[in-house]
Amino acid sequence: MPMMKESLSQRLNQDLAKIQPNEIRAFDAKVSTMPDMIKLTLGEPDFDVPEVAKAAAIASITANDSHYAPGNGSVALREAATDFLADRYGLTYDADTEVVITIGATEAIYATLTAVLNPGDKVLIPTPTFPLYDAITLMNGGEPVYLDTSATRFVLTPAQLRAAIAEHGDAIKAIVLNYPSNPTGVTYSAAELKALATVLAETDIIVIADEIYSELVYETTHVSIATYLPGQTLLLNGVSKSHAMTGYRIGFIAGPAGLMRTVGMTHQLVVTSPSNPAMAAATVALGTQAGHEATLAMKAQYAARRDFVVEQMRTAGFEVETPGGAFYVFAKIPATHNQDDREFALALAENAHVAVIPGSAFGQGGAGYLRLSYATSLATLTEAMQRIKTYMQTAMTVGE
Ligand SMILES: Cc1ncc(COP(=O)(O)O)c(C=O)c1O
């Protein structure tokens, strides 16, 4: 094994040193070594990939679909993506110039932030937040500006946005909006989006809208902020959550051609294009009735699980807003118990053998909360809820 020449450690990209290790993965790894653990930790759908999508991947391999695809992705998938956005959300994009197919939403976040940021630029990030946005901002020499939404039921308000713009001005290059949200499951209404859009329209802030959970919205209809700000929004989506295809690694970005030219550059410089069998599968997932029906069937099950978990967690003493989408419940630890969510989550794992993610892993406003992923079977959730309820009755309360 080669030992690195010691003096080289200071010669690496120093922006990367600012990035905290991913606490979600670290916590999951830690609890995974404990025996008899029920894990409600990761945002990983438990369903199988729709049969039509699997068949399309196999057919792609069999047909020797093995050559480089266009850098912005296969024509068929770009067209399926634009048809999907038109059909579901009433958005119009040109498949040639306004869409890029990416390696999951992860690469879409990377490609968009890298395309817009110069060192010193600020990015508004409502918190609690999925941790990738600030990591990639830091990696690009940018500066995350956190907007804690915990006082307003995890919804960014126009007043908060205005205050941030007044404070940071032209240094703000972009804002990230993620809804339905990981970790809170909270989504935005059309009126809330319109109000934010009114503020943003007066600025040159680029909106990076991570709408990867858009197909998992339960009572309401998902509205994209691109509806109100088409000229300054980069819309991110993909098949990871909607079609349980996390391992296929297909996402996409849609936006005005003037922005997408640069986004396409950052994408092509890193990945060239995603793999053909995965794109063939995603084309069918997004572009067929069978693909849509598969999503609807999963969504019905997620909704039933959500109702069950919310009700059970409330019975156990937690304060829980009913989440409007995604597959997470963000539960507030009762005041009677240890409010240090990291300690609480560890004690829950060690004593009740249920693993959840401490809310602090998602930044400001997450302290005192736990994130539970309900992307697991109702039978597993039933056992997990029983364990949590028993634990809450027996665990030491504050002052004891
Ligand atoms: C909000 C959010 N964005 C992006 C991603 C990454 O999605 P993908 O697996 O398509 O890269 C996730 C995954 O958990 C997520 O929760």
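Which helix holds Val270? Val270 lies in helix 8, residues 257-271. Helices here are DSSP runs of H or I with at least four residues, strands are runs of E with at least two, and both are numbered from the N terminus.

This is a predicted model, where local features need pLDDT of at least 70, side-chain atom pairs count only at pLDDT 80 or more, and totals for chains, interfaces and linings use all residues. Residues are numbered from 1 along each chain as its sequence is written, and side-chain values use heavy atoms, with hydrogens and water left out.

Seven strands form an open sheet in the order 2-8-7-6-5-3-4. Its pairing is mixed. Two strands pair if DSSP finds at least two bridges between them. Strand 2 and strand 4 are the edges, and each pairs on one side only. Neighbouring strands are turned by 20° against each other on average, direction ignored. Strand 2 and strand 8 pair in the antiparallel sense over four bridges. Val100 has Ile253 in strand 8 as its bridge partner.

Helix 4 (residues 104-116) lies across several of these strands, including strand 2 and strand 8. Helix 4 runs at about 35° to strand 8. Axes are lines fitted to C-alpha atoms, for helices over the stretch in contact, and angles run from 0 to 180 degrees between N-to-C directions. Contact means heavy atoms within 4.5 Å.

Another open sheet has four strands in the order 9-10-13-12, with antiparallel pairing. Its edges are strand 9 and strand 12. Two bridges join strand 9 to strand 10. Glu319 has Lys332 in strand 10 as its bridge partner.

| Strand 2 | 99-102 |
| Strand 4 | 143-148 |
| Strand 8 | 251-254 |

Helix 11 (residues 341-352) lies across strand 12 and strand 13. Helix 11 runs at about 45° to strand 13. Two packed helices are described by the angle between their axes and the distance between the axes. Helix 11 and helix 12 (residues 378-394) pack at about 110°, with axes 10 Å apart. That angle makes helix 11 roughly perpendicular to helix 12, a label for angles of 65 to 115 degrees. Among the residues that meet are Phe344 and Leu348 in helix 11, and Ile388 and Tyr391 in helix 12.

Key:
Parallel < 35°, antiparallel > 145°, perpendicular 65-115°, else oblique.
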